[in-house]
Amino acid sequence: MSTPDITTIGHFVDGKRSTGTSGRRGDVFDPATGRRTGEVELASAADVAVAVQAAERAARSWRDVSLARRTAVLFAFRELVHNRRDRLAEVITAEHGKVLADAAGEVQRGLEVIEYACGIPSALRGGFSENVSTEVDSYSLRQPLGVVAVISPFNFPVMVPLWFVPVAVACGNAVVLKPSEKDPSAALLLAEWFAEAGLPDGVLNVVNGDKEAVDALLDHPAVRAVSFVGSTPIARYVYQRGTMAGKRVQALGGAKNHMVVLPDADLDLAADAAVNAGFGSAGERCMAISALVAVEPVGDDLVARIAERMARLRTGDGRRGCDMGPLVTAGHADKVRSYVEAGVAAGAVPVVDGRDVEPDGDRAGFWLGPTLFDRVTPEMSIYTDEIFGPVLSVVRVGSYDEAVELVNANPYGNGTAIFTNDGGAARRYQHEVEVGMVGVNVPIPVPMAYYSFGGWKSSLFGDLHAHGEDGVRFFTRGKVVTSRWLDPRHGGVNLGFPTQT
């Protein structure tokens, strides 16, 4: 039973908030206090079917709405998100725990994709060839798929839905969005604001839920495509089950992102970047730097500079101006803490141990401070596994070639960075490294919205990345039309096979 101070979080279907029929609910917490603040309804397969039916009805008419009308809705939605960005950031911090400044940055990156989608008429522009044969013209079209599903993770409750939903809607599709049940409220706000901007009922629906809802979306025959972001094991599962059901799937998985520091690098810049990219959002980013590869002889100096900066970090409630907030749940905090314990047991050197943190916040919060390990070796679990927490591991190598070999041997291929003042080395690295997104003196190389986001190897299942040109291709199908309008003087019957003349 819910209590008066506990919010019940339902779904958004066919233009309005709704309740489901499953009777199952999950808990939503404020990670900085440890207090339960909400109960989220967990959709049944029947609840998902209702949302998909609403999307089917809406898709039949939305696909025929003009590009001018679609972009008018997107421009209006952009203004609503921009003007209410502080409200979104507050909701993110209250349910995820990241500090307000980080939450505001997340909203900004989502806004960039909305702005890209506002230019959809150019992105959907086809080609035309006149007179490919006598009085025959050919031209290409891109048309929407119909109903598509978006399954988003807890770490970016605004940005990741906005990677997909604006582009899918702009292309003429209807969407069923399933956000993480850990921090579901932001997705409902986005759906309400899209409706306020003029999006017709049913074009965007939100169903909250767990594996039952995910499986229902993967199995429903009316869902034509699925976009997913999450861990690699679940990404693989989504890809396999979705493609077995005949769907188009892009499933973005986990990462173990390496930052290579060459001996000629600016070590102050590199140390700043390692702290920012390693501990922002408490390390709960698929683009976080979790493995720092120090090419000797810079190891001692670099580790000392990083530790010096870490000593000034303030961990605590994200609403108090702290540098780093809590982890998202008590269970996840325990899991990350167990990795710290495993690193110590394996012989890595704990330069800074986050288990000793004194947080600026409620002691019941889900705390673990920034943690720095030195002398990490590739067989240790703190190196091999995606920890998804504020744990930075320093691996020392003797040369550039060893660094590249280490990065390329890793099963993940999401993001990487190299810090150097040698342009030739940087150019060689971006050519040789087997990773989908590369930064040169940029620690988190998340591309702008008009480029596409995605990794290689076990970081991506599917062949099209998120947003940008790949996003448009993913949410549309190509069609080529060959047309002839005969001169009235021509006519007659010819049963021969048509040939070019």
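Biologist: Which helices and strands each supply at least two residues of the lining of the largest pocket?

Modeller: In this predicted model, the lining of the largest pocket takes at least two residues from each of several elements. One of them is a strand, E11 (223-229). The helices are H8 (211-219), H9 (232-244) and H12 (330-346).

Biologist: Which element gives the largest share of that lining, and how many residues is that?

Modeller: H9, which spans 232-244, is the element in question. The largest share of the lining comes from H9, at four residues.

Biologist: What is the volume of the largest pocket, and which residues are closest to its centre?

Modeller: The volume of the largest pocket is about 870 Å³. The lining consists of 34 residues. Those closest to the centre are Phe 154, Lys 182, Gly 230, Ser 231 and Ile 234.

Biologist: How many residues of the lining are nonpolar, polar and charged?

Modeller: Gly counts with the polar class here, and Phe and Ile count as nonpolar. By class, the lining has nine charged, 10 polar and 15 nonpolar residues.

Biologist: Is strand E13 largely enclosed or open?

Modeller: E13 covers residues 257-261. Asn 257, Met 259 and Val 261 point one way, while His 258 and Val 260 point the other way, and all are buried. In a regular strand, side chains alternate between the two faces of the sheet. Because five of the five residues of E13 are buried, the strand is largely enclosed by the rest of the structure.

Biologist: Which strands are joined to E13 by bridges, and do they run parallel or antiparallel?

Modeller: E14 (residues 289-295) is joined to E13 by five bridges, with Val 261 opposite Ala 294. E19 (residues 415-419) is joined to E13 by four bridges, and there His 258 has Thr 416 as its bridge partner. E13 runs with E14 and with E19 in the orientation asked for: parallel.

Biologist: What is the handedness of the β-α-β unit of E13, H10 and E14?

Modeller: The unit includes helix H10 (residues 267-279) along with strands E13 and E14. Its handedness is right-handed.

Biologist: Is Ser 290 buried or exposed?

Modeller: Ser 290 is found in strand E14. Its relative accessibility is 13%, and the cut-off for buried is under 20%. Ser 290 therefore counts as buried.

Technical notes
Residues are numbered from 1 along each chain as its sequence is written. This is a predicted model: local features need pLDDT of at least 70, side-chain atom pairs count only at pLDDT 80 or more; totals for chains, interfaces and linings use all residues. Side-chain values use heavy atoms; hydrogens and water are left out. Buried means under 20% relative accessible area, exposed over 50%, partly exposed in between (1.4 Å probe, protein chains only). Two strands pair if DSSP finds at least two bridges between them. A crossover is right-handed if, with the strands pointing away from the viewer, the path from the first strand over the helix to the second runs clockwise. On a 1 Å grid over the protein atoms alone, a cavity is a set of points where a 1.4 Å probe fits but cannot get out, and a pocket is an open set with protein on both sides within 12 Å along at least five of seven lines; lining residues have an atom within 4 Å of a point. Grid points are joined across faces, edges and corners, and a volume is the space filled by probe spheres set on the points.
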